Amino acid sequence: MDSVTVSTAAKPTLRVAAFCGSLRKDSWHRGLIRAAEELCEESIPGLRIDHVDISGLPMANPDLETDGGEGFPPAVEALRERVRAADCFLFASPEYNYSVTASLKNALDWASRGNNCWADRAAAIVCAGGDFGGARASLHLRQIGVFLDLHFINKPELHIRAFADPPKFDGEGNLIDAVTRERLRKVLLSLHAFALRLQHNKDD
């Protein structure tokens, strides 16, 4: 018999709703979400990635709302339910004209209509692009997140200069660079720690 009883309460697995701002099949940003899924399965048991497909959403339009702004089209209701069910968020955001894509902004807008589904949870951003690695889209997304009451991790950042050597992605958008993969792992670890801290503060 052990003379000392040790508490072994299991840590919860956090659900990460992941959003790809690109609709392209072989997008680098879809590849980043796939890599995040793999990393969580391999080495971060406290996180589970839930990739939320936003390609089928109608454009945000109050005329599509019902019940005094509390009812939404089926695809939007499904989006809002998955956002509400998430513990934290991962945004893989390309940079289009110094900003986020229309498809990502549309999802952000729909899930903020009526009762804001995003509020008071942790989030992280990963970007890939040219010389700035998508950093300007990242900054704009942080600005949007102020109104949505999202809490973004500040460090580490992941802005990938996708055209610089060595190659970061293959022709199907898969992340193939080991150094970048490790940087992504550190982003996920930071998101995990921050989300747990926010949850702990809510419980106090």
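Which residues line the largest cavity? They are Ala 124, Ile 125, Ser 138, Arg 142, Phe 152, Ile 153, Pro 156, Glu 157, Leu 158 and His 159.

## Basis of the model

This is a predicted model, in which local features need pLDDT of at least 70 and side-chain atom pairs count only at pLDDT 80 or more, while totals for chains, interfaces and linings use all residues. Residues are numbered from 1 along each chain as its sequence is written, and side-chain values use heavy atoms, with hydrogens and water left out.

Helices (H or I, at least four residues) and strands (E, at least two) are DSSP runs, numbered from the N terminus. Over residues 15-162 the chain is 34% helix and 22% strand, and the end C-alpha atoms are 28 Å apart.

Two strands pair if DSSP finds at least two bridges between them. Strand E3 (residues 88-92) runs parallel to E4 and is joined to it by 5 bridges, with Phe 89 opposite Ala 123. E4 also pairs in the parallel sense with strand E5 (residues 150-152) over 3 bridges, where Phe 152 is the bridge partner of Ala 123. A parallel pairing of E4 with strand E6 (residues 158-161) has 4 bridges, and there Cys 127 stands opposite His 159.

## Crossovers

E3, helix H3 (residues 102-110) and E4 make a right-handed β-α-β unit. A crossover is right-handed if, with the strands pointing away from the viewer, the path from the first strand over the helix to the second runs clockwise. From E4 the chain crosses through helix H4 (residues 135-148) to E5, and this β-α-β crossover is right-handed.

## Cavities

On a 1 Å grid over the protein atoms alone, a cavity is a set of points where a 1.4 Å probe fits but cannot get out, and a pocket is an open set with protein on both sides within 12 Å along at least five of seven lines; lining residues have an atom within 4 Å of a point. Grid points are joined across faces, edges and corners, and a volume is the space filled by probe spheres set on the points. By this rule there are 2 cavities of 30 Å³ or more.

The largest cavity has a volume of about 60 Å³. E4, H4 and E6 are the elements that give two or more residues to its lining. By class, this lining has 6 nonpolar, 2 polar and 2 charged residues (Ala, Val, Leu, Ile, Met, Phe, Trp, Tyr, Cys and Pro count as nonpolar, Asp, Glu, Lys and Arg as charged, and the others, Gly among them, as polar). The second largest cavity, of about 30 Å³, is lined by Cys 20, Ser 22, Leu 23, Arg 30, His 51, Val 52, Asp 53 and Ile 54.

## Largest pocket

The largest pocket holds about 190 Å³ of space. Its lining has 16 residues, of which Trp 28, His 29, Pro 94, Glu 95 and Ala 128 lie nearest the centre. Helix H1 (28-43) and E4 are the elements that give two or more residues to this lining. The lining residues divide into 5 nonpolar, 7 polar and 4 charged.

## Backbone exceptions

Most residues other than glycine have a negative phi, and most peptide bonds are trans. The peptide bond from Lys 155 to Pro 156 is cis, with omega near -5°; Pro 156 is in the loop between E5 and E6 and also lines the largest cavity. The bond from Asp 165 to Pro 166 is cis as well, with omega near -5°, and Pro 166 lies in the loop between E6 and H5.

Asp 67, in the loop between strand E2 (47-52) and helix H2 (74-85), has a positive phi near 55°. Asp 67 is exposed because its relative accessible area is 64%. Asn 97 has a positive phi of about 55° and sits in the loop between E3 and H3. At 77% relative accessibility, Asn 97 counts as exposed.

Conventions
Buried < 20%, exposed > 50% of the residue type's maximum accessible area, 1.4 Å probe, protein only.
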